[in-house]
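These are my notebook entries on a single protein chain, written down in the order in which I looked things up.

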Amino acid sequence: MAGIGRLSTKGSVLLLCDMQEKFRPNIFQFTNIISNAARLLQAARVLGIPPIVTEQYPKGLGPTVPELGAGDLTAHAKTKFTMMIEPVEKELKALGDPKIAILCGIETQACIACTTFDLLEKGMEVHIVADAVSSRSQTDRLFALSRLRQSGAFLTTTEAVLLQLVQDAKHPNFREIQKLLVQPSPDTALLAFFSSL
């Protein structure tokens with residue numbers, strides 16, 4: 001149902017933004033962010049949700065990190081601070097113009113924010129996976145999440161996305177998704193954010 005943020009495997013796309021090698025030493029909680037995003041990608045594969053990957057200026061920032069598990073996907077190179085570049089737009093059109101975007105990656109105040117604004121303007125519902133996005137600065141990350149929430153994006157977590165997509169322990173893929181939930185998602189220091197809500 002549009003407007004309340006109900007997730008569905010139908011009409012959804014997973015957007016994986018700029019999780020690249022050169023960001024590794026500088027991004028707050030990088031390892032845990034990638035771990036959560038990798039879990040989302042595994043779930044998307046199980047549930048038939050198409051993933052789209054971008055890389056910001058790969059010549060300078062390097063390739064997507066291998067632990068994301070996206071080596072078989074074509075990463076779209078970009079210089080804009082939005083994922084909504086022509087090849088991605090074409091891919092979305094080829095997918096039948098999905099209505100729901102599940103968004104994770106780097107950096108929250110830049111490429112995640114610009115992508116969110118563009119998606120919202122296109123009339124898409126945007127679910128930002130808060131424990132799978134980050135920035136160099138925790139301040140930028142938390143203020144960006146607050147700003148994006150004001151703009152109409154839904155903030156969620158990795159585990160919430162996985163459970164809301166299957167919705168029922170009788171779902172045919174529930175056991176596969178359950179395996180991704182055996183270990184709780186790593187803490188990415190979001191509790192500070194909730195003191196400001």
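Entry 1. I keep in mind throughout that this is a predicted model. I began with Ile128 and set aside its neighbours within four places in sequence, and I found that Ile128 is in contact with Leu103, Ile112, Thr116, Val133, Leu145, Leu148, Ala153, Phe154, Leu155 and Thr156. I then looked up the largest nonpolar core, which has 59 residues, and noted that Ile128 is listed with Leu14, Leu15, Leu16, Leu68 and Cys104 as the residues that touch the most other members. The largest share of this core, 9 residues, comes from α1.

Entry 2. From the partners of Ile128 I picked Ile112, which is found in helix α4. Is Ile112 buried or exposed? Its relative accessible area is 0%, and because buried means under 20%, I wrote Ile112 down as buried. Again leaving out neighbours within four places in sequence, I listed the contacts of Ile112, among them Cys17, Leu103, Cys104, Val133 and Leu148. I also noted that Thr82 lies 30 residues from Ile112 in sequence, while their C-alpha atoms are 7.1 Å apart in space.

Entry 3. I went on to α4 as a whole, which has 14 residues and reaches 18 Å from its first C-alpha to its last, close to the 20 Å expected. Its buried residues are Thr108, Cys111, Ile112, Ala113, Thr115, Thr116 and Leu119, and what covers them includes β1, β2, β3, β4, β5 and α5. Just after α4, I found Gly123 with a positive phi of about 90 degrees.

Entry 4. On the α4 side the contact is made by Thr108, Gln109, Ile112, Ala113, Thr116, Phe117 and Leu120, and on the α5 side by residues including Ala144, Leu145 and Leu148. By class, I recorded 7 nonpolar, 4 polar and 3 charged residues in this contact.

Entry 5. Last, I returned to α1, whose 18 residues reach 26 Å from the first C-alpha to the last, close to the 26 Å expected. Among its buried residues I noted Phe30, Ile33, Ile34, Leu40, Leu41 and Leu47, and also Asn36 and Arg39. Just after α1, Gly48 takes a positive phi of about 75 degrees.

Note on methods. Residues numbered from 1 in each chain as written. Predicted model: local features only at pLDDT ≥ 70, side-chain atom pairs only at ≥ 80, totals over all residues. Heavy atoms only, no water. Contact = heavy atoms within 4.5 Å. Helix = DSSP H or I, 4+ residues; strand = E, 2+ residues; numbered from the N terminus. Nonpolar A, V, L, I, M, F, W, Y, C, P; charged D, E, K, R; others polar. Expected span 1.5 Å × (residues − 1). Buried < 20%, exposed > 50% of the residue type's maximum accessible area, 1.4 Å probe, protein only. Core = buried A, V, L, I, M, F, W, Y, C linked by side-chain atoms within 4.5 Å.
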